[in-house]
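Visitor: I have a model open and would like to go through a few parts of it. Could you answer some questions as we look?

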Amino acid sequence: MLEIRGLNKSYGKKQVLTGVDLTVSPGEVLGLLGPNGAGKTTMASIVSGLTPADSGTVSVAGIDIRARPRQARRKLGLAPQELGVYPTLTARENMLFFGRLMGVGRGELDARIAEVAESLGVTPFLATRAHELSGGQQRRLHTALALLHRPEVLWLDEPTVGADVSARQDLLDEVRELADRGAAVVYATHYLPELEVLRARVVVLHHGRILAQGSVGELVERYAQAAVRLEFSGAIPSSLSGYLAAPGAEVIDTGLIIPAAVPGQLLAQLFATLDGDTDRLLSAEIRHPNLENAYLAIMRAARDGDHPEEEIRDAVA
Ligand SMILES: Nc1ncnc2c1ncn2[C@@H]1O[C@H](COP(=O)(O)OP(=O)(O)OP(=O)(O)O)[C@@H](O)[C@H]1O
Ligand SMILES: [Mg+2]
């Protein structure tokens, strides 16, 4: 498993990580979310031993990265955000090189390359030089390199950037399977539905601090709300003007979105209120909340200066 305690890091005067604690257990996918510059890649870089932290500890599969960096690195598979393949080597040669570097025995390396290449859809271009591959193909190869030595802890930093639909599906299947077989996985992404597919525990990082965490279901329940959305031909009917002041209500052109705890009930009320104006109604929809709604609500709270998790703790106390 991966254990991070009290991690602090600054670049010059800029504090990039502040007191970050993170534990990822075997079998778990931890989805790491946060806006650009939140500190996700900096954390990956510290965990892999490339960048020293100012303070705090990291242990990979029980090995402290500062005390025994080489051993810790062998337990970790990192696919960094920045592509790291050797352009003049073929895909297969890249895999041979990284496999040996990570200590995979010669006897099993060929079979392991074939296996990983197959699972990430790299097989068709094993003999192609990396610089002749498309961006998405290079990304597949780059991710494959992190898996060769069957790491106990896997850290993938935005692995599906530029991936086509099937590459994304292959990767999500593979990540879930690796976790099911006992790997502890950190998966940083800006594509939130991926974390729903991965049944991930989610950590939201913002300005180097953990703002919120929980399962997808918990975050949705805690932060997101269902809503009703009506679309009209022409302006919003004046009969609905009373609803425009509802908390969180939003008018977008000829559409009206109103958050509701019980959206079906609100929809029935709206229909009743509309009465003679129903002929101008183009569509009516119940929006079920998802991780994206929850994430946006967490970010809104952060922008307004709230710390959502602290608020909840205070409310409970
Ligand atoms: N080598 C560096 N020197 C100085 N500042 C850095 C360095 N690397 C990162 N930073 C700063 O640290 C902060 C966090 O960057 P980081 O790359 O960790 O963010 P991120 O969460 O991975 O963002 P993204 O979603 O864009 O990948 C940013 O403000 C960035 O400018
Ligand atoms: Mg990053």
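Visitor: Which helix holds Ala 72?
Guide: This is a predicted model. In it, residues 69-75 form a helix, and Ala 72 falls in that stretch. The helix is H2.

Visitor: Is Ala 72 buried or exposed?
Guide: A residue counts as buried if 20 or more other C-beta atoms lie within 10 Å of its own. Ala 72 has 22 other C-beta atoms within 10 Å, so Ala 72 is buried.

Visitor: Which residues does Ala 72 touch, not counting those up to four places away in sequence?
Guide: Residues up to four places away in sequence are left out here. The residues that Ala 72 then touches are Gly 49, Val 60, Ile 63 and Ile 65.

Visitor: What class of residue makes up the contact of H8 with H11?
Guide: From H8, Val 216, Leu 219, Val 220 and Tyr 223 meet Leu 291, Ala 294, Ala 297 and Ile 298 of H11. The contact has no polar and no charged residues, and its 8 residues are nonpolar.

Visitor: Which helix gives the most to the shell around ligand 1?
Guide: The residues around ligand 1 include Lys 40, Thr 41 and Thr 42. By class, the shell has 3 nonpolar, 7 polar and 1 charged residues. The helix that gives the most, with 3 residues, spans residues 40-47 and is H1.

Terms used:
Residues numbered from 1 in each chain as written. Chains lettered and ligands numbered in written order. Predicted model: local features only at pLDDT ≥ 70, side-chain atom pairs only at ≥ 80, totals over all residues. Near = placed C-beta within 6 Å. Helix = DSSP H or I, 4+ residues; strand = E, 2+ residues; numbered from the N terminus. Nonpolar A, V, L, I, M, F, W, Y, C, P; charged D, E, K, R; others polar. Contact = placed C-beta atoms within 7 Å. Buried ≥ 20, exposed ≤ 12 C-beta atoms within 10 Å, placed from the backbone.
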